[in-house]
Amino acid sequence: MSAQNIPNEPRENPALLATDLRAVLSRIVRRWRERSSVSDLTKSQEAVLLRLERDGSTTATQLAKAEGIRPQSMAKIVQTLEEAGMLASSEDPSDGRRTLLALTDTARGHFDTGRFAKDDWLTQAILNSLTPEEVDLLAASVPLLHRLAQFP
C-alpha cells in the first residue's frame with residue numbers, strides 16, 4: 001500500500017480510529033488499576049461490590065445470576081466479603097425468608113479511596129502533560145465519549 005492510500009483523517013478510517021481508541025483507553029484503565037489497588041480483593045469480589053454499589057441491595061441468588069456464577073461460588077464470595085466487613089445482611093422486609101446483602105461503610109470507603117487515587121492520577125496527567133488548548137480539546141471530547149458509552 002502506498003503512502004497515498006493511507007487515510008490521514010480519522011473519519012476516512014473509523015476502524016483504525018476504533019482500534020487506536022480501544023488501545024489508549026485500555027492503557028488508561030491499566031494505569032487507574034495500578035493507582036487504586038487498595039486491597040487484596042479478587043476480581044469476582046470487586047464485581048460483586050460494584051454491582052451492589054450500582055444496583056443496590058439484593059440477594060445472593062440474584063447476585064449469582066447477574067454475575068453468571070453458581071450459587072455455591074457466590075456463597076463463598078459473600079462469606080469472604082462479610083468477614084472482611086464489606087457486606088452486611090438483613091432480612092428482606094417484603095419477604096422474611098430472604099436475606100438482602102448491602103454494602104457497608106467500609107466497602108464505600110474502599111470505592112472512595114480508589115476513586116480519589118484515580119482522579120488524582122488523571123488530574124496530574126492532565127496538568128502535567130497537556131497544553132491549555134489540549135485540555136480544552138479533551139474537555140470537548142467528553143460528551144462524545146459519553147455518547148459512545150451509551151451506544152448499544
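## Charge and contacts in a predicted model

Helix α1 (residues 14-36) gives the most to the positive patch, with 4 residues. This is a predicted model, in which local features need pLDDT of at least 70, side-chain atom pairs count only at pLDDT 80 or more, and totals for chains, interfaces and linings use all residues. Residues are numbered from 1 along each chain as its sequence is written, and side-chain values use heavy atoms, with hydrogens and water left out. Helices (H or I, at least four residues) and strands (E, at least two) are DSSP runs, numbered from the N terminus.

### The positive patch

The patch of positive charge lies on the surface and gathers R27, R30, R31, R33 and K43. Patch members have over 30% relative accessible area and no salt bridge; like charges are joined within 9 Å, and nonpolar side chains (Val, Leu, Ile, Met, Phe, Trp, Tyr) within 5 Å. Lys and Arg count as positive, Asp and Glu as negative, while His and the chain ends are not counted. Each charge is placed at NZ of Lys, CZ of Arg, CG of Asp or CD of Glu. Accessible areas come from the Shrake-Rupley method with a 1.4 Å probe, and for residues only the protein chains shown count as cover.

R27 sits in helix α1. R31 lies in helix α1 too. R27 counts as partly exposed because its relative accessibility is 47%. R31, at 40%, also counts as partly exposed. The cut-offs are under 20% relative accessible area for buried, over 50% for exposed, and in between for partly exposed (1.4 Å probe, protein chains only). R27 and R147 are 120 residues apart along the chain, and their C-alpha atoms are separated by 21 Å.

### Salt bridges

Side chains of opposite charge can pair when their charged atoms come close. Here a salt bridge is a side-chain nitrogen of Lys or Arg within 4 Å of a carboxyl oxygen of Asp or Glu. By this rule the count comes to 6 salt bridges. Three of them are listed below.

| Salt bridge | N to O distance |
|---|---|
| E67 and R51 | 2.5 Å |
| R54 and D55 | 3.2 Å |
| D95 and R97 | 3.0 Å |

E67 and R51 meet through their side chains. E67 lies in helix α3 and R51 in helix α2, so the pair ties together parts that are 16 residues apart in sequence. E67 counts as partly exposed at 26% relative accessibility.

R54 counts as exposed, because its relative accessibility is 56%. Salt bridges that share partners join R51, R54, D55 and E67 into one network.

D55 has its place in helix α2 (residues 43-55). The side chains of D55 and R54 are also joined by a polar contact of 3.2 Å. A polar contact is a pair of N or O atoms within 3.5 Å; within protein, one must be able to donate a hydrogen and the other to accept it, and residues adjacent in sequence count only if both atoms are side-chain atoms. D55 and A102 are 47 residues apart in sequence, yet 10.0 Å apart in space, C-alpha to C-alpha.

R97, the partner of D95, counts as exposed at 75% relative accessibility.

### The loop between α2 and α3

T58 is placed in the loop between α2 and α3 (60-67). T59 is found in the loop between α2 and α3 as well. T58 counts as buried because its relative accessibility is 13%. T59 counts as buried at 8%.

The T59 side chain reaches the backbone nitrogen of Q62 at 3.0 Å.

### Two strand residues

L87 lies in strand β1 (residues 87-92). L87 counts as buried, with 5% relative accessibility. L87 and F111 are 24 residues apart in sequence and 13 Å apart in space, C-alpha to C-alpha.

R98 lies in strand β2 (residues 95-103). R98 is partly exposed, with a relative accessible area of 34%. From R98 to P152 there are 54 residues in sequence and 34 Å in space, C-alpha to C-alpha.
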